[in-house]
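Have a look at the structure first, and then we can walk through it together.

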Amino acid sequence: QVQLVESGGGSVQAGGSLRLSCAASGYTYSSACMAWFRQAPGKERDWVATIYTGTGSTYYADSVKGRFTISRDNAKNTMYLQMNSLNPEDTAMYYCAADPGRETYYACRTTIARYTYWGQGTQVPVPS
């Protein structure tokens, strides 16, 4: 049974930093596309960043590039999202997602439909 469990959310002041974690189980972690998405109140869920666990290759949405860093620790089956220089526009529920069984980085996508497994979400409020 595949499980994804996010942690690390919480309120942070504008300009501050936060690190989210996503602990995974139930699939071969070392060959998966994993991603962070976020959903602000009243808005659609948007893609934030993707990492291919096999090589550590990453890519980011323009809105977070240079501020957020996605990473993984395969020994712990855990993915991270380091978020720096947070601003109120980053306020959202953050979700991790997994698309297991991918052989290469080039198979990773940014669309919600591509990701089979999702965590329950962790809230990140950044008050203005």
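## Disulfides

A disulfide here is a pair of cysteine sulfur atoms within 2.5 Å. By this rule the count comes to two. The model is a predicted one, in which local features need pLDDT of at least 70 and side-chain atom pairs count only at pLDDT 80 or more, while totals for chains, interfaces and linings use all residues. Residues are numbered from 1 along each chain as its sequence is written, and side-chain values use heavy atoms, with hydrogens and water left out.

Cys-22 and Cys-96 are bonded, with their sulfur atoms 2.1 Å apart. This pair joins distant parts of the chain, as Cys-22 sits in strand 2 and Cys-96 in strand 8, 74 residues apart. Strands (E, at least two residues) are DSSP runs, numbered from the N terminus. The link of Cys-22 and Cys-96 is right-handed, with 60° about the S-S bond. Cys-22 counts as buried because its relative accessibility is 0%, and Cys-96 is buried with a relative accessible area of 0%. Buried means under 20% relative accessible area, exposed over 50%, and partly exposed in between (1.4 Å probe, protein chains only).

The other bond is between Cys-33 and Cys-108, whose sulfur atoms are 2.0 Å apart. Cys-33 belongs to strand 3, and Cys-108 to the loop between strand 8 and strand 9 (117–118), 75 residues apart. With -90° about the S-S bond, the link of Cys-33 and Cys-108 is left-handed. Both ends are buried: Cys-33 has a relative accessible area of 0%, and Cys-108 one of 5%. Counting bonded cysteines along the chain, the pattern is 1-3, 2-4.

## The open sheet

Which order do the four strands of the open sheet follow? They run 1-2-7-6, with antiparallel pairing; two strands pair if DSSP finds at least two bridges between them. At the edges are strand 1 (3–7) and strand 6 (68–73), each pairing on one side only.

Strand 2 (residues 18–25) pairs with strand 7 (residues 78–83) over six bridges. Along this pairing, Ser-21 stands opposite Tyr-80, and Leu-18 has Met-83 as its bridge partner. Strand 1 and strand 2 pair over five bridges, with Val-5 partnered by Ala-23 in strand 2.

## The nonpolar core

A nonpolar core is a set of buried Ala, Val, Leu, Ile, Met, Phe, Trp, Tyr and Cys residues joined through side-chain atoms within 4.5 Å. The largest one has 38 residues, and those with the most contacts inside it are Met-34, Trp-36, Met-79, Leu-81, Met-83 and Tyr-94. Strand 3 gives the largest share of this core, six residues.

Leaving out residues up to four places away in sequence, Met-83 touches several residues, among them Leu-18, Phe-68, Tyr-94 and Val-124. Contact means heavy atoms within 4.5 Å.

## Arg-38

Where does Arg-38 lie? Its place is strand 3 (residues 32–39), and it counts as buried because its relative accessibility is 12%. The Arg-38 side chain makes polar contacts with the side chains of Asp-90 (2.8 Å) and Tyr-94 (2.9 Å). A polar contact is a pair of N or O atoms within 3.5 Å; within protein, one must be able to donate a hydrogen and the other to accept it, and residues adjacent in sequence count only if both atoms are side-chain atoms.

Beyond neighbours within four places in sequence, the contacts of Arg-38 include Glu-44, Asp-46, Phe-68 and Glu-89.
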